[in-house]
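Please look at the model first.

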Amino acid sequence: MQSEISPVADEESADLLEFNSLKQFRPAGRGFWSHVPDEQWNDWRWQLKNRITSLEQLERLMPTLTPEEHAGTILSNTKLAMAITPYFFNLIDPADENCPIRRQVIPRIEETHTASWEMSDPCGEDSHSPVPGLVHRYPDRVLFLVTDRCAAYCRYCTRSRLVSNATGYDFHPEFDRQIEYIRNHPEIRDVLLSGGDPLLFSDDKLENLLKQLRAIPHVEFLRIGTRIPIFLPQRITPELCAMLKKYHPLFISIHSNHPRELTTEVRDALARLAEAGIPLGNQSVLLKHVNDDLTVMRALVQKLLMCRVKPYYLYQCDLITGSSHLRAGVRKGLELMDGLRGHTTGYAVPQYVIDAPGGGGKVPVNPEYVLSRNRDRTVIRNFEGKVFEYIEGAVAAPAYKASENFPVYKASEDFSVPNLAPG
Ligand code: SF4
């Protein structure tokens, strides 16, 4: 008897299978390092010392290296360096050229292709730095760049001009000058430590910095931006967590792009941070063939919540030089947001943003939910495409004149959901 299952139903069940598989927490495994004693494998300093940093190592561990990766790895000595922890390397599927983990950390020759609209400093950080290593772009907060080193290097890094110090940028943050600037600017109430990765510092060195910042009366709030829990979960030791919890309110933003990065090791490391009372958020970058897919993105944001991490931002990939092979379009980002909002828990939905090229700061971009608006009514559509009216005619004194302060969208006769499909 012939099967009555349609191709569409087949596709849906394949998506469901993939979704359920992506939602599983699995250990990264030992791979080539099965002979290494647990004590060493779980030691973050051993992981750092044994990173894959050369073409010879990479070829030995991954005979399936493509010609594009081979050529890209040779060139990575003269630009953003290559480094991959053994732990993270084990997440790569060597049989899959398009493995989403592989695309993030293995250089490709396409990194040498540049377009006229790409930039080495796409967010204009250098032009907003009153002292080297301190970016003061928003009124009440600063970005404090503490190091140029990371546990591994992301091929789309917006700071690839300075991280890994391979391009001769000569990054030497001067903590005394940075802290002095913060001390002399009472409007700064929020300091974000980033880099490079601040959690690569020893506990003592990091504590010394946090202590100095905490001693400034107008600094209300400290944040750390880090990808260490993803690249090197071994670094999240009980000692580090005990130190960090002394400096509350302290938030941590992690950076995870794909649900396969959320292993049992990462889940446990994040639990240690959460147990230290540290609120956790995640920043993802929208990347082509990595997470530009609704099944993948839904699994990622739901899995993050299971790790007590709030998906915070989804970034449109910055126009960093040599990243076009990794950039997905804004249309795709809007389509993903449309597929998340209302379809899953509100806490799981990040804010999609474009960091305005040249230094304009983060600008939220959203699918259109307001179909028309004037002083008496707002016409909206919900996640299912159903249209509703919110009437304000009963309000005696409107707070604004719509025509002066707000654009008025002309709704068409047919209030259908905007077609966001590529085309
Ligand atoms: S961890 Fe962050 S700073 Fe380091 S290479 Fe990746 S994106 Fe850049």
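## Charges over rings

Arginine 267 lies over the face of phenylalanine 25, at 5.0 Å from the ring centre. A charge counts as over a ring if NZ of Lys or CZ of Arg is within 6 Å of the ring centre and within 35 degrees of the ring normal. Arginine 235 sits over tryptophan 44 by that rule, as the table shows.

| Charge | Ring | Distance from ring centre |
|---|---|---|
| Arginine 267 | Phenylalanine 25 | 5.0 Å |
| Arginine 235 | Tryptophan 44 | 4.2 Å |

The model is predicted: local features need pLDDT of at least 70, side-chain atom pairs count only at pLDDT 80 or more, and totals for chains, interfaces and linings use all residues. Residues are numbered from 1 along each chain as its sequence is written, and side-chain values use heavy atoms, with hydrogens and water left out.

## Aromatic pairs

The count of aromatic pairs is 10. Rings of Phe, Tyr and Trp (its six-membered ring) pair if their centres lie within 6.5 Å; planes under 30 degrees apart are stacked, over 60 edge-to-face, and the rest tilted. Phenylalanine 32 and tryptophan 33 pair edge-to-face, with 6.1 Å between centres and 85 degrees between planes. Phenylalanine 32 is partly exposed, at 47% relative accessibility. Tryptophan 33 is buried, at 10%. Buried means under 20% relative accessible area, exposed over 50%, and partly exposed in between (1.4 Å probe, protein chains only). Ring pairs join Phe32 and Trp33 with Trp41, Trp46 and Phe89 in a cluster.

## Nonpolar cores

A nonpolar core is a set of buried Ala, Val, Leu, Ile, Met, Phe, Trp, Tyr and Cys residues joined through side-chain atoms within 4.5 Å. The largest holds 96 residues; Phe144, Ile182, Val191 and Leu244 touch the most other members. Helix α12 (residues 264–275) gives this core its largest share, 5 residues. Another core lies apart, with 13 residues, including Ala81, Ala83, Val135 and Leu192.

Which residues does leucine 244 contact, leaving aside neighbours within four places in sequence? They are Leu206, Leu210, Ile224, Leu250, Ile252, Leu273 and Ile278. Contact means heavy atoms within 4.5 Å.

## The sheet

Three strands form an open sheet in the order β10-β11-β12, with antiparallel pairing. Two strands pair if DSSP finds at least two bridges between them. Helices (H or I, at least four residues) and strands (E, at least two) are DSSP runs, numbered from the N terminus. The edge strands are β10 (370–373) and β12 (387–391). Strand β10 is joined to β11 (residues 377–381) by 3 bridges. Arginine 373 has threonine 378 in β11 as its bridge partner.
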